[in-house]
Amino acid sequence: MRRRVIAGNWKMYKTIADTRAFFAAFSPMVADANYCDIVVAPPFPSIAAAVESTRNTKISIAGQNVYWEKEGAFTGEVSPAMLKQAGCRYVIIGHSERRQIFGETDEMVAKKTKAALAAGLTPIVCVGETLAEREAGHTERVCEAQLSNGPGALTAEEFSRILMAYEPVWAIGTGRTATPEIAAASHRYLRQCVARRFSPELAATLRILYGGSVKPDNIQGLMAQEELDGALVGGASLDAKSFASIVSGAM
Ligand code: PGA
């Protein structure tokens, strides 16, 4: 049985003060949620406040991005060790906004994932097709390429320590969620690719989160699919009540 994960990706939202206010409201709401892992990814400047606000809770904090070098002249980047020391346990890698707006490639995703693992972080590696790719019938091909050129470059031991998120780009921030069946089909396909590339055992234990317009009113339908091991939530993770209600939906 794969333990579920509900992760919130705040993107470029929430100052330090907003972060403190969020956890003051959210932490008590999920105090009894022992059935899943809860992760929140604030913007870098709010990480310390998030870590401090969630001390003595079961909520873990994630970075939204990371660079693969240990240190150096890389203006604007942060290293895996910096995230780790700031108190992060997880890091999101290869989100479609990173790929589309900031030009991240599968090769960069692979390097970031390896470096994050080496620093003891758990990467949440995102893959997913655009609307044009889906409409052209290329969903499987795109997901397979992102998997094999990204985390497919890991050793089996490394791969056993990552999480993945399937996030169809057309469903992100659009209010257009994939139906539970569409999401499950992609998750099943990704698992088959993992079985081929690594082993059926790794495919069976890999946790794959679904992301793209997950809301309190669709989480239960999505979680009814046994292929879905949780959710990566953007917009609906910004409000404490709404995110807590998504956590309850993963019970
Ligand atoms: P959304 O974002 O829930 O706002 O669609 C999901 C994501 O980008 O991870």
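What you see is a predicted model, in which local features need pLDDT of at least 70 and side-chain atom pairs count only at pLDDT 80 or more, while totals for chains, interfaces and linings use all residues. Residues are numbered from 1 along each chain as its sequence is written, and side-chain values use heavy atoms, with hydrogens and water left out.

Let's start with the ligand. Of the 13 residues around it, Lys11, His95, Glu167, Gly173 and Ser213 come nearest; to be near, a residue needs a heavy atom within 4 Å of the molecule. Sorted by class, this shell holds four nonpolar, seven polar and two charged residues. Here Ala, Val, Leu, Ile, Met, Phe, Trp, Tyr, Cys and Pro count as nonpolar, Asp, Glu, Lys and Arg as charged, and the others, Gly among them, as polar.

Now look at some polar contacts, meaning pairs of N or O atoms within 3.5 Å (within protein, one must be able to donate a hydrogen and the other to accept it, and residues adjacent in sequence count only if both atoms are side-chain atoms). Lys11 has a side-chain N or O atom 2.7 Å from an oxygen atom of the ligand. His95 also uses its side chain, with a polar atom 2.6 Å from a ligand oxygen. Ser213 uses a polar backbone atom instead, at 2.7 Å from an oxygen atom of the ligand. On its own the ligand has 290 Å² of accessible area, and the protein covers 97% of that; such areas come from the Shrake-Rupley method with a 1.4 Å probe, and for residues only the protein chains shown count as cover.

So where is there empty space? Rolling a probe the size of a water molecule over the atoms shows where it is left. On a 1 Å grid over the protein atoms alone, a cavity is a set of points where a 1.4 Å probe fits but cannot get out, whereas a pocket is an open set with protein on both sides within 12 Å along at least five of seven lines; lining residues have an atom within 4 Å of a point. Points are joined across faces, edges and corners, and a volume is the space filled by probe spheres set on them.

The ligand sits in the second largest pocket, with more than half of its atoms within 2 Å of the pocket's grid points. This pocket holds about 170 Å³, and Lys11 is among the lining residues nearest its centre. The largest pocket has a volume of about 400 Å³. Lys11 turns up again in its lining, together with Met12, Gln64, Arg98 and Phe102 among those nearest the centre. Helix 4 gives the most to that lining, with four residues; helices (H or I, at least four residues) and strands (E, at least two) are DSSP runs, numbered from the N terminus.

His95 and Glu167 are among its lining residues.

Finally, check two loops. Most residues other than glycine have a negative phi. Lys14, between strand 1 and helix 1, has a positive phi near 85°. Ser213, between strand 7 and helix 11, has a positive phi of about 55°.
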